[in-house]
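Hi,

Here is the structure I promised to pass on to you. Have a look at it first, and then read my notes below.

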Amino acid sequence: FPRIVYLDTDVIVQGDILELADVDLGGHPVAAVEDCSQRFEIYFNWHELAKFGNVPRQTCVFNHGIFVMDTAKWRKDKVTEKIELWMGRFAKGGGTLYKFGMSQPPWLLALYNRYKRLGIEWNTRGL
């Protein structure tokens, strides 16, 4: 499949999600909704993360409860490998690199500045 539209099991669909399948990803492997009610700073041990580069603490997270994936671009950009790299760094560091789960933090790091922002209407938190 050239595109995957992913929805978490707790998503309430109130419109036509086929629109997501056709969204312009702007050359990115993924489109997701940015969520500025949470920032990177809550997820990471900044002393440990600094060993791998500079990511601004105030960067908004993006929710992977709903996302659109361009499968060819995902493979070309080696996103799976990047997620696995961050998971490996977490394990090697004794589990101190990030907190709050094993899926969201490596996803955030692997796709930092590499995703198309979807409108907030596609993923409203706290309903």
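The mean positions of the 16 positive and 15 negative charges in the chain lie 10 Å apart. Lys and Arg count as positive here and Asp and Glu as negative, while His and the chain ends are not counted. Each charge is placed at NZ of Lys, CZ of Arg, CG of Asp or CD of Glu.

Before you go further: this is a predicted model, where local features need pLDDT of at least 70 and side-chain atom pairs count only at pLDDT 80 or more, while totals for chains, interfaces and linings use all residues. Residues are numbered from 1 along each chain as its sequence is written, and side-chain values use heavy atoms, with hydrogens and water left out.

Now the overall layout. The chain has five helices and four strands, and from the N terminus on they run β-α-β-α-β-α-α-α-β. Both kinds of element are DSSP runs numbered from the N terminus, with at least four residues (H or I) for a helix and at least two (E) for a strand. The C-alpha trace spans about 45 × 35 × 25 Å along its principal axes. A compact globule of 127 residues would have a radius of gyration near 14 Å, and the 15 Å of this chain agrees with that. (That radius is taken over C-alpha atoms, and the globule rule is 2.2 Å times the number of residues to the power 0.38.)

What about the surface and the inside? The accessible surface comes to about 7600 Å², and 54% of it belongs to carbon and sulfur atoms; the areas come from the Shrake-Rupley method with a 1.4 Å probe, and for residues only the protein chains shown count as cover. Buried residues make up 36% of the 127, where buried means under 20% relative accessible area, exposed over 50%, and partly exposed in between (1.4 Å probe, protein chains only).

The largest nonpolar core has 25 residues, and those with the most contacts inside it are Phe-40, Phe-44, Leu-49, Trp-74, Trp-107 and Leu-108. Two or more residues each come from strand E2 (30-39), helix H2 (46-49), strand E3 (60-70), helix H4 (79-92) and helix H5 (104-110). Apart from this core lies another one of seven residues, including Leu-20, Val-33, Ile-66 and Leu-118. By a nonpolar core I mean a set of buried Ala, Val, Leu, Ile, Met, Phe, Trp, Tyr and Cys residues joined through side-chain atoms within 4.5 Å.

Which residues does Leu-49 touch, not counting those up to four places away in sequence? They are Phe-44, Val-55, Trp-86, Leu-97 and Leu-109, with contact meaning heavy atoms within 4.5 Å.

Next, a spot around Pro-29. Arg-75 sits in helix H3 (residues 71-76) and is exposed, at 58% relative accessible area. Arg-75 is 46 residues from Pro-29 in sequence, but their C-alpha atoms are 8.4 Å apart. Asp-77, in the loop between H3 and H4, is buried at 17%. Leaving aside neighbours within four places in sequence, Asp-77 contacts Pro-29 and Lys-82. That loop also holds Lys-78, which has a positive phi of about 55° although it is not a glycine.

Cheers
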